[in-house]
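Dear colleague,

Please find the structure below, followed by a short account of what was found in it.

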Amino acid sequence: MPASSVSDSLQLSQQAGATPKSLILFCGVQFMAETAAVLCPDKRVLIPDQEAGCSLAATSPVDQMRASKAERPGAVVVAYVSTDAEVNTEADYCCTSTSAAQIVQSIPEDREILFSPDMFLGLYIERRAGRKLHLWLGECHVHAGIRTEDVTSLMDAHSDAELLLHPECRCISQCMFAPSERQLPADRTFVLSTGGMVRNARECTAPVDLVGTEVGMLHRLRTEAPGKSFVPLDADAVCEYMKTITLPKLYPSLRDDVEAVTVPEPVADRARLVIERMVAN
Ligand code: SF4
C-alpha cells in the first residue's frame, strides 16, 4: 500500500487539506493527526494506533501551559508545531523549526516570550534570534539522546562528511555555539528541519551525510539520494511512538473506520487560526 504523501508533519496536514479525498489515514503520531484534523474540518481523519503519542508534546500539557501563562501575564507564547491542538489554542504564534527565529525576532523587544515545548530548539533560537526566551523545559527523548560526543567522533572519522543536525538535538548548542576547540566546520555543518534535510540530500554533493535525528529519516534520505551514504549520529535514536504505526494496522484501520481523530470545534477553530497564521508568514 504506497502512501499518497510522504513529508514532514505540517506538510502532510497541508496535503491532507488539499486532496479531494474525504478520508485521511494519517500514519504519524497523535499531535500530527490532530493538526490534520484541525486543518481539514470537513474530512474524516483516522490514525491506525491511538497509542502513537509523542514525548515532546507530552511535556506541555495544556493545564501547565495555562498556569505558566498566568505566572507571566503579558508574555507572548510561541509554540513549536510539535504540540497538541489544545495547547496551540493557548499560543500567540505557532512555529516550525525553520520559522521560529523569524517569528521571535518579529515580536517587540519589550515583550517577554515563552517558548515551548522543546528547550534545545529554544536555546538554539535564543542564539539565532539574539533574544532571551523563557524556555519550557520540554524535550523529545529521541533527539535529547543525541550527544556532542557522537558528533565529534563521527566528524573525525568522516573528514569529507557533511553534518545535518535537527535543532531538537541535545548537542545543538554545543555544536553550534561552543568554544572554538569544539566548533565544527561551518561550511559542512547544517541545522535543518526534516524538509531541509531532504533538500540538502538532493542538492549537495558530499559523499557522506552524518544525520542527527530519528533514524527513520535515513530511509527517506537514502531514497531521495541513492548515490550518497547516510550515517546516523546515534543508531539508537529510534522513536517507539512512530514505530507503533505498522503496515498490519493500516488495513484494519481503513476497514473498520478506526480510530477517528476528533478535535472539539472551539479548540479546532482557535488552533486553526494560530497554525494558519504560521503558514501565512
Ligand atoms: S521523534 Fe517521536 S517523541 Fe520525538 S518529537 Fe518526533 S514523534 Fe515526538
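Two strands are taken to pair if DSSP finds at least two bridges between them; helices (H or I, at least four residues) and strands (E, at least two) are DSSP runs, numbered from the N terminus. The model is predicted: local features need pLDDT of at least 70, side-chain atom pairs count only at pLDDT 80 or more, and totals for chains, interfaces and linings use all residues. Residues are numbered from 1 along each chain as its sequence is written, and side-chain values use heavy atoms, with hydrogens and water left out.

Four strands form an open sheet with parallel pairing, in the order β8-β7-β9-β10. Its edge strands, β8 (189-191) and β10 (229-232), each pair on one side only. Within the sheet, β7 (residues 162-165) and β9 (residues 208-212) are joined in the parallel sense over four bridges, and glutamate 162 stands opposite aspartate 209 in β9. Helix α9 (residues 148-157) packs on the sheet, touching β7, β9 and β10 (contact means heavy atoms within 4.5 Å), and its direction makes about 160 degrees with that of β7. Such angles run from 0 to 180 degrees between N-to-C directions, with axes fitted as lines to C-alpha atoms, for helices over the stretch in contact.

The ligand is surrounded by Val29, Cys54, Ser55, Cys140, His141, Val142, Glu168, Cys239 and Met242, where a residue is near if one of its heavy atoms lies within 4 Å.

With kind regards
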